[in-house]
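Subject: Structure handover

Hello,

The structure you asked about is below. My notes on it follow.

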Amino acid sequence: MLTGERQRLPSWFKTTLPTGKKLVRYNQTTSSIHDNALHTVCEEAKCPNVHDCWGRGTATFMVAGQHCTRGCRFCAVSTLKKPPLPDSNEPENLALAVENMGLSHVVITVVNRDDLDDSGASHYRACIDAVHQRTPDVQIELLCSDLAGDTDALSSLLDGAPLQVFAHNIECVERLTPNVRDPRASFDQSLFILETAKKIRPDVVTKSSIMVGLGETNEEVTSAMKSLRNIDVDLLTLGQYLSPGKGHHPVVSFPTPEQFDIWANEAKDLGFSGVASGPLVRSSYRAAELLDGANGFSSEGVFEI
Ligand code: SF4
């Protein structure tokens, strides 16, 4: 097993620092985020794609605070049982940043808020509405928590929401879920939330993500993909798990880029309308392109990175 910051990465993890126009865009993205007191999962999760994504002017905002009420073993976001209440200025600040950055597609992710009666649903909705009000042409993708399985909270979040994509990650294969995710999360609850979201809003694209390298077998990955297709999930991302450091789940393996290609083809055969599969893929990586592919605006809707 490979643990913490000392894990040695295979050659296919090499990334490059932005230069020229990409560096200018990277600096602009950094200012838009920090000037509006916003948080991103790119920074909080120490994402390896930050130079690439920010250099292309995209980022994934993290709303409802900097602390999560859950303590999943794969995640770098800090945990607090009772974090401060969500910032009431956040929806407007977020909307301003999206406008300033000139985004056409924004991914908004959330921390779990088990401390709030609605698990944070009303704040998440306020963020979506504020972005839509200020920039009605921007496509909005919400990477949501499981809202503790609360269908009322999910309905209030989704009914009439100006949303193109509702994403919720199963994170890993079923067998490993109790070891990897907080005990309040479960594989079945995640499937239930995705399935119910589709029932409430069949017009909204659903999406999920699987991390590999946690000790799963290839067959278990296939089985997880089938579980998602059985409930009509449209888009899938598959990426390599990297451990944020000591005390987190270790990296057990590094599947090769060729294996990611095999999974991408399997996912396509299972009927996903868009698949991004590769060691560096994260659930929000190239999110706009993935949706475009699923909508038939680009050639395949399947790409390996
Ligand atoms: S992949 Fe997602 S989390 Fe990582 S830098 Fe890009 S937008 Fe941010």
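Which residues surround the ligand? They are V41, C42, C47, N49, V50, C53, T58, A59, T60, R282, S284 and Y285, where a residue is near the ligand if its C-beta atom, placed from the backbone, lies within 6 Å of it. Helix 2 (41-44) and helix 3 (50-55) are the elements that give two or more residues to this shell. Helices (H or I, at least four residues) and strands (E, at least two) are DSSP runs, numbered from the N terminus.

Two points on the source. This is a predicted model, in which local features need pLDDT of at least 70 and side-chain atom pairs count only at pLDDT 80 or more, while totals for chains, interfaces and linings use all residues. Residues are numbered from 1 along each chain as its sequence is written.

The protein chain has 11 helices and 9 strands. Its C-alpha trace spans about 50 × 45 × 40 Å along the principal axes. Of the 305 residues, 48% are buried (20 or more other C-beta atoms within 10 Å of the residue's own; exposed is 12 or fewer, partly exposed in between; C-beta atoms are placed from the backbone).

Helix 11 (residues 287-294) is largely enclosed by the rest of the structure, because 6 of its 8 residues are buried. These are A287, A288, L290, L291, G293 and A294.

Q164 sits in the loop between helix 6 (151-158) and strand 5 (165-167). Q164 has 18 other C-beta atoms within 10 Å, so it is partly exposed. Beyond its neighbours within four places in sequence, Q164 is in contact (C-beta atoms, placed from the backbone, within 7 Å) with Q139, I140, E141, V204, V205 and L291. L291 is also one of the buried residues of helix 11.

Regards

Key:
Two residues are in contact if their C-beta atoms, placed from the backbone, lie within 7 Å.
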